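Biologist: Hi, could you walk me through this one? I have a few quick questions.

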Amino acid sequence: GEAVRFLPGLPEADLPALYAGAEVFAFPSRYEGFGLPPLEAMSCGCPVAAARAAALPEVCGDAALYFNPLSVEDIAAALHRMVSDSSLRDGLRQAGRARAAAFTWRAAGQRLRNAMRDEASRTS
């Protein structure tokens, strides 16, 4: 209905304010190489409902409510649950901020360095 907004082509500078003011961020993608949009939403304190697909469960962990992206009924049920359960939203806000905080450039660099070191020692 009118409570759902589709906002294609927004400037990136506007996203943090939109995430912070949203009741829920729904991400029904069936394929993601990583899942940066849900992490961005989480870092702004927006509860996330995401597809149980591709890399999203690995990236979002227990900080999102999942749905089957091929089922309109499942998506609708997840969104209804999110908007009607303030304690669920509050819990996901906290869990999301913590989850997003673990994904820093420093941590990514350290994981890459460790993987390269492990590979180098394995092949030498």
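Biologist: What relative accessibility does Arg-93 have, and how does Arg-93 count?
Modeller: Arg-93 comes out at 23% relative accessibility and counts as partly exposed (buried is under 20% relative accessible area, exposed is over 50%, and partly exposed is in between, with a 1.4 Å probe and protein chains only). Please keep in mind that this is a predicted model, where local features need pLDDT of at least 70 and side-chain atom pairs pLDDT 80 or more, while totals for chains, interfaces and linings use all residues. Residues are numbered from 1 along each chain as its sequence is written, and side-chain values use heavy atoms, without hydrogens or water.

Biologist: Got it. Which residue forms a salt bridge with Arg-93?
Modeller: That is Asp-90, with the closest N and O atoms 2.9 Å apart. A salt bridge here is a side-chain nitrogen of Lys or Arg within 4 Å of a carboxyl oxygen of Asp or Glu. Both residues sit in helix α5, 3 residues apart, or about one turn of the helix. Asp-90 is partly exposed too, at 44%.

Biologist: How many salt bridges are there in the whole structure?
Modeller: The search finds 3. One of them joins Arg-122 to Glu-119, where the closest N and O atoms are 2.7 Å apart. These two are about one helical turn from each other, because they are 3 residues apart in helix α6.

Biologist: Which salt bridge links distant parts of the chain?
Modeller: That would be Glu-23 with Arg-89, at 3.7 Å between the closest N and O atoms. Glu-23 is in the loop between α1 and β1, Arg-89 is in helix α5 (residues 86–101), and the two are 66 residues apart. Arg-89 counts as buried at 12% relative accessibility, while Glu-23 is partly exposed at 38%.

Biologist: Let's zoom out. How many helices and strands does the chain have?
Modeller: There are 6 helices and 3 strands, in the order α-β-α-β-α-β-α-α-α from the N terminus on. These are DSSP runs numbered from the N terminus: helices are H or I with at least four residues, and strands are E with at least two. The C-alpha atoms fill a box of roughly 60 × 30 × 30 Å along the principal axes. Of the 124 residues in the chain, 30% are buried.

Biologist: How much space lies in the largest pocket?
Modeller: About 950 Å³. It is lined by 24 residues, and the closest to its centre are Arg-5, Phe-6, Val-24, Phe-25 and Ala-26. The elements giving two or more residues to that lining are α1 (15–21), β1 (25–27), α2 (36–43) and α4 (72–84). For the term itself: on a 1 Å grid over the protein atoms alone, a pocket is an open set of points where a 1.4 Å probe fits, with protein on both sides within 12 Å along at least five of seven lines, and lining residues have an atom within 4 Å of a point.

Biologist: How do the residues of that lining divide by class?
Modeller: The lining of the largest pocket has 20 nonpolar, 1 polar and 3 charged residues.

Biologist: What about the second largest pocket?
Modeller: It holds about 230 Å³ of space. Among the residues lining it are Phe-34, Glu-40, Trp-105 and Arg-111. Both α2 and α6 (105–123) supply at least two residues of this lining. By class, the lining has 7 nonpolar, 1 polar and 2 charged residues.

Biologist: Last one: what is the phi of Ala-54 near?
Modeller: It is near 50 degrees, a positive value in a residue other than glycine. Most residues other than glycine have a negative phi. Ala-54 lies in the loop between β2 (48–51) and α3 (56–60), and is partly exposed at 47%.

Notes
Grid points are joined across faces, edges and corners, and a volume is the space filled by probe spheres set on the points. Ala, Val, Leu, Ile, Met, Phe, Trp, Tyr, Cys and Pro count as nonpolar, Asp, Glu, Lys and Arg as charged, and the others, Gly among them, as polar.
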